[in-house]
Amino acid sequence: RFVDHMLRFARTALAVGLPCAAAAGSLLHNGTLAAAERPASPLSPKEFRPFKLVEIVHVSPNTAVYRFALEAGTPLGLPVASCLVTKASIDGKDVIRPYTPISEKHQTGHFDLLVKSYKEGVMSKHIAELKIGDSLDMKGPFVKVPVTANFKKKIGMIAGGSGITPMLQVIEELLADPADHTEITLIFANVAVQDILLKDRLDQLAAKHKRFNVIYVLDNPPPGSSYAKGRVSAALIAKHLPPPAAENLIMVCGPPKMMEVISGDKNPDKTQGEVTGILRDLKYDSTNVFKF
């Protein structure tokens, strides 16, 4: 039944033109959660709607939080885990890219996108050039993977750069649920300390919840620091993340080169694809790995 649900959602996603990075292989939140059971979203999965930019906060040399306005008292209404997609006409062509908001689930009046500007990133460059008062077209929400209390015993996460955003959405959802007992471990890879996005928020969650642990991996850690040095390796994964098992899940999100090394990227049609790389070497497979 799980596979049947995945296939049905994949067909629906493709039918509405969903380019979300993990559209296929996703289900409705909680498997059966009806739209009427969650707040009505100002987004639409069928049409792009404009949202006005009201604030920009730079968090690193190439990354900023972009705040978009909602009507007073209105939440974005995203189920977890899900994304929205953005659209802009750039050089005469429509460019569409997925993003996961970093706002807290019940935030009203606005929502935030964390966007890292990559050298080759057409949409991220466009967003970085937006001015206060400009609008950006968005569509959604699109569910990636169902997240409910205790749906897994242990979750391991491997993130790089702005790939932290879907991880944060899952982490906060589970840690905020008093009925949930899932153990969560995050390996978060970056170049240097100043590149660690949302570090304060992650550290606060780890300090508050004993069942959440984060390991920072840096190419260039400060001398004498406690950060792990180098790249995410098989030894690091085997040491800190849960082993391959039906009750466990590994989530992966990061730049294409990182995905290729860790888990293999998704298929060209955005279905999950075969698990390769380090995770395959460690005996993980598509039943216990999810690629955002």
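**View 1. The largest nonpolar core of this predicted model.** The largest nonpolar core has 34 residues. I164, I171 and L186 have the most contacts inside this core. A nonpolar core here is a set of buried Ala, Val, Leu, Ile, Met, Phe, Trp, Tyr and Cys residues joined through side-chain atoms within 4.5 Å. Buried means under 20% relative accessible area, exposed over 50%, and partly exposed in between, with a 1.4 Å probe and protein chains only. At least two core residues come from each of β7 (154-160), α3 (164-175), β8 (183-190), α4 (199-208), β9 (212-218) and β11 (248-253). Helix α3 gives the largest share, seven residues. Helices (H or I, at least four residues) and strands (E, at least two) are DSSP runs, numbered from the N terminus. In soluble globular proteins, nonpolar side chains tend to be buried together.

This is a predicted model: local features need pLDDT of at least 70, side-chain atom pairs count only at pLDDT 80 or more, and totals for chains, interfaces and linings use all residues. Residues are numbered from 1 along each chain as its sequence is written, and side-chain values use heavy atoms, with hydrogens and water left out.

**View 2. The surroundings of I171.** I171 is in contact with M157, I184, L186, L202, L205 and F212, leaving aside neighbours within four places in sequence. Contact means heavy atoms within 4.5 Å. Another core lies apart from the largest one. This other core has 22 residues, among them L43, F68, F111 and M123.

**View 3. An open sheet of six strands.** The strand order is β4-β3-β6-β1-β2-β5, and the pairing is antiparallel. The edge strands are β4 (93-99) and β5 (110-116), each pairing on one side only. Neighbouring strands are turned by 40° against each other on average, direction ignored. For such angles, axes are lines fitted to C-alpha atoms, and values run from 0 to 180 degrees between N-to-C directions.

**View 4. Strands β3 and β4.** Seven bridges join β3 (residues 82-90) to β4, and the two run antiparallel. Two strands pair if DSSP finds at least two bridges between them. I90 stands opposite K93 in β4.

**View 5. The loop residue S263.** S263 lies in the loop between α6 (256-262) and α7 (277-281). Is S263 buried or exposed? S263 counts as buried because its relative accessibility is 0%. Not counting residues up to four places away in sequence, S263 touches V252, E274, V275, T276, L279 and K291. S263 and V289 are 26 residues apart in sequence, yet 8.2 Å apart in space, C-alpha to C-alpha.
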